[in-house]
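I opened a new page to note what I looked up in this structure. The entries follow in the order in which I made them.

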Amino acid sequence: MSLLKRIEEGQAQPAPTPREVPAAAPNAAGTSRLSGLNARRANPPGAAQRDTYYDLKTRVQNKLLSELDPSMDVSQTVEVRRTIEELFENILAEEKIVLSRPERRRLFEQIVAEILGLGPLEPLLADDTITEIMVNGSKNIYIERSGKIHREPASFESDDHLMRIIDRIVAPLGRRIDESSPYVDARLTDGSRVNAVIPPISLVGPVLTIRKFARNPITVEQLIDYGTISAETTEFLKSCVISKINMVISGGTGSGKTTMLNVLSQYIPIDERIVTIENAAELQLRQEHVVTLESRPPNIEGRGEVTIQNLVVNSLRMRPDRIIVGEIRDEAALDMLQAMNTGHDGSMTTAHSNSPRDTLSRIETMTLMAGMELPVRAIREQIAAALELVVHLERMRDGTRKVTHVAEIQGMEGDVITMTDIFVFEQTGFENGKVIGRLRPTGLRPKFMDKLEQSGIHLPAAIFGVGERVRY
């Protein structure tokens, strides 16, 4: 995309210069109504310095944009950055602007972020210790680091500035956000999950939430080091993936479901054809034979919508060995169960829930949303036949994420789906702000052990608890 096109679409728009800010006008009470630059001057002590820096940044940025070649391809980041730096130095010399080296570098990086990146969010996105970025209106930015929320001193210049950044994120994906469609799910180029909500449904201005993903996919060794999962449970789940055990990964918001799905998908053999289905593509599968499908919202005329359910149905015609659905949240649950029951063993999905038992209840409810008027017992039989394992995660009081249950779905007893815990997290204390405990085996072996052994996998009894009574 050319730089001129980017500017025309509001993706590199310069902030208004002080001359463009309307003068204060008296209101009905005879007082001044401050706006734009004048509103900033009404801030507490220190605002004047921020305004001076803002004016300098605006002046340099506007002049730099006027001198850049409009036909320049901004996708050539290194070349564009070099050109911007040369013009930046020339402008500072012409304007006789004297800045220290740190101030010069800071100003340059902020201008580059406005033209090529996401403005004030760029340094936050570059910080690998930050896992979540939450923007509540233009002046309030919060981050999550090590499971704790902190407020950031950075801010956007205005709600319009924040809206330009949101548009820059969603436009390349063919999605839109406006008054008729005031919220949207999207993703960044690195797969980080993005959600944006704007007025009129947001009363604090545009709200932007970014769930960052690691630049390098997290490995199972790291999860063991973090205490998210034990080595024994990892060995068991690896065997389940290889042996094509159908599973659902459940948990609350931010509990690490997608990360766990990414980690477990690493064990899928490379000779299998995998079809992934998501609202916004987030999975980072390393296999070569992967087909990624992404749902699509309706256009401005209300047409062209492609739902998760549509994609699940279509994927059955694509000769998949496994189907991986990023998250089941609606009537697509019925089609997912049908896929698992019709030869696509080893399929995986995630679901929001508070416990393994609640996971089954939610899947039952979502299946009823399909409107097929099936009896509840028939739905439960489908769930019991399709799903074999539930891996449940929770976000603990100290901000850490842990696997708390690995439960087998054994079948039906009357009208009830029976479940057995294979591994359970046992909390033994809470010291120095940290949850103390371990993921321990219950001493029970799953009924599908013969399926693992048919795949050539023979797990030692120690994985399920040495010296404890076992049951087949």
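**Entry 1: Thr 404**

I began with Thr 404, which lies in strand E15. Helices (H or I, at least four residues) and strands (E, at least two) are DSSP runs, numbered from the N terminus. The model is predicted, so local features need pLDDT of at least 70 and side-chain atom pairs count only at pLDDT 80 or more, while totals for chains, interfaces and linings use all residues. Residues are numbered from 1 along each chain as its sequence is written, and side-chain values use heavy atoms, with hydrogens and water left out.

Is Thr 404 buried or exposed? Thr 404 counts as buried because its relative accessibility is 4%. Buried means under 20% relative accessible area, exposed over 50%, and partly exposed in between (1.4 Å probe, protein chains only).

I then looked up what Thr 404 touches. Leaving out residues up to four places away in sequence, the list is His 392, Leu 393, Glu 394, Met 396, Phe 423, Val 424, Phe 425 and Leu 439. A contact here means heavy atoms within 4.5 Å. The side chains of Thr 404 and His 405 are joined by a polar contact of 3.1 Å. A polar contact is a pair of N or O atoms within 3.5 Å; within protein, one must be able to donate a hydrogen and the other to accept it, and residues adjacent in sequence count only if both atoms are side-chain atoms.

**Entry 2: the sheet around E15**

I traced the open sheet and found nine strands in the order E11-E10-E12-E13-E9-E14-E15-E16-E17, with mixed pairing. Strands E11 (290–294) and E17 (434–441) are the edges, each pairing on one side only. Two strands pair if DSSP finds at least two bridges between them. E16 (residues 416–431) and E17 pair in the antiparallel sense over eight bridges. Which residue in E17 is the bridge partner of Gly 429? I noted Ile 436.

Helix H13 (residues 356–368) packs on the sheet and touches E9, E13, E14, E15 and E16; its direction makes about 135° with that of E16. Axes are lines fitted to C-alpha atoms, for helices over the stretch in contact, and angles run from 0 to 180 degrees between N-to-C directions.

In helix H14 (residues 376–386), I found Ile 379, Ile 383, Ala 384 and Ala 386 buried. Their cover includes H12 (332–340), H13, E15 and E16.

**Entry 3: strand E3**

Strand E3 (residues 130–136) is mostly covered, with five of its seven residues buried. E3 pairs with E4 (residues 141–145) in the antiparallel sense over five bridges, and Glu 132 has Glu 144 in E4 as its bridge partner. E3 and E4 form a hairpin with four residues between them, and Gly 137 in the turn has a positive phi of about 80°. E3 also pairs with E8 (residues 207–211), antiparallel and over five bridges; there Ile 133 stands opposite Ile 210.

**Entry 4: the protein as a whole**

Of the 472 residues in the protein, 47% are buried.

How confident is the predictor, and what is the average pLDDT? The protein averages 82, and 85% of the residues score at least 70. pLDDT is the predictor's confidence in each residue, from 0 to 100. Over residues 1–47 the pLDDT is below 50. It also stays under 50 over residues 468–472.
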